[in-house]
Amino acid sequence: MKRTALASSAFCVAVLTGLTGCAGGDSDTGAAGDPKATDSPVKELSPTEHLAKLMVTAADLGDGFSVKEFSLEKDEFAFAESTDEITLDKVACHPLASVLNQLPLGRPKAFLTHVVSPEESTGGATYITLATYDEGMATAAMDTLLARAVDSCSLGFTAKANGNTDTYDSVTPEEAGTAGDESLAYKAAITYNGVTHTVRSTVVRSDDVLAVYYAEDSTALADAKSSDAKIPAAVLTAQNAKLG
């Protein structure tokens, strides 16, 4: 039998003595008069847990790729563990230095990075950094910080952190496609061990989440051989699909 909230409250007051509790609002009563059990509340995901559910997996990609968690703290070749450690000759290029080194844009609530590698030993790898922001801040990070940096740093810049130095010779916008609510793509030329390498990044915003894709050929970097890294289309397609 359905009761209104007012009737239910009156009933509770009238028979308060001897009751262990009364429920406000509508309730269902079974044949024996016992209130119907309510569903257990759904546990709200933390920002990091939310990103973990959005991160692409090897199963999403199918054969040919492996996906592993990446930790800046544990990686011996990490350029910097936080954006605060980076100094530049051109301050406006700070957002670029961040996303080209597996660091998030601006100040997200949480971020998570995984590395996708082809099973064939090509030396190329794609780092995916997902970051979630307070309402409106993902748009600001992408439009105000990153887009302006790409425009301002076309002639290159130098970034330093913890004794490491990265010299980028140029930054060039590329076709980004139509993924998410907005997207931006560019390539950067970097000189390392006297050899020029091309690395690429694509940034996709879906609501308040940013996905930063960064591709480099680590084997070529170590061997001082020229390289031209590209983000596999399969990786972009699978991750963008999970972002919705």
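Me: Which two cysteines form a disulfide, and how far apart are their sulfur atoms?
Reply: In this predicted model, a pair of cysteine sulfur atoms is taken as a disulfide when they lie within 2.5 Å. A search of the whole structure on that basis finds one such link. It is formed by cysteine 93 and cysteine 153, whose sulfur atoms are 2.0 Å apart.

Me: What is the handedness of the link of cysteine 93 and cysteine 153?
Reply: The handedness is given together with the angle about the S-S bond, which is -110° here. With that angle, the link of cysteine 93 and cysteine 153 is left-handed.

Me: How many residues apart in sequence are the parts that the pair ties together?
Reply: Cysteine 93 lies in the loop between strand S2 (87–88) and helix H4 (94–99), while cysteine 153 lies in the loop between helix H5 (137–152) and strand S5 (157–161). The pair therefore ties together parts of the chain whose separation in sequence is 60 residues.

Me: Which residue in the turn between S5 and S6 has a positive phi?
Reply: S5 pairs with strand S6 (residues 164–174) in the antiparallel sense over five bridges, and within this pairing alanine 159 stands opposite aspartate 166 in S6. The two strands form a hairpin with two residues between them. In its turn, the residue with a positive phi, of about 55°, is asparagine 162.

Me: Which residue in S7 stands opposite threonine 167?
Reply: S6 is also joined to strand S7 (residues 182–192) by seven bridges, and these two strands run antiparallel. The residue of S7 that stands opposite threonine 167 is threonine 191.

Me: What percentage of the residues in the chain is buried?
Reply: The chain has seven helices and ten strands, and its accessible surface comes to about 13600 Å², of which 52% belongs to carbon and sulfur atoms. Of the 244 residues in the chain, the buried ones make up 40%.

Note on methods: Residues are numbered from 1 along each chain as its sequence is written. This is a predicted model: local features need pLDDT of at least 70, side-chain atom pairs count only at pLDDT 80 or more; totals for chains, interfaces and linings use all residues. Side-chain values use heavy atoms; hydrogens and water are left out. Helices (H or I, at least four residues) and strands (E, at least two) are DSSP runs, numbered from the N terminus. Two strands pair if DSSP finds at least two bridges between them. Buried means under 20% relative accessible area, exposed over 50%, partly exposed in between (1.4 Å probe, protein chains only). Accessible areas come from the Shrake-Rupley method with a 1.4 Å probe; for residues, only the protein chains shown count as cover.
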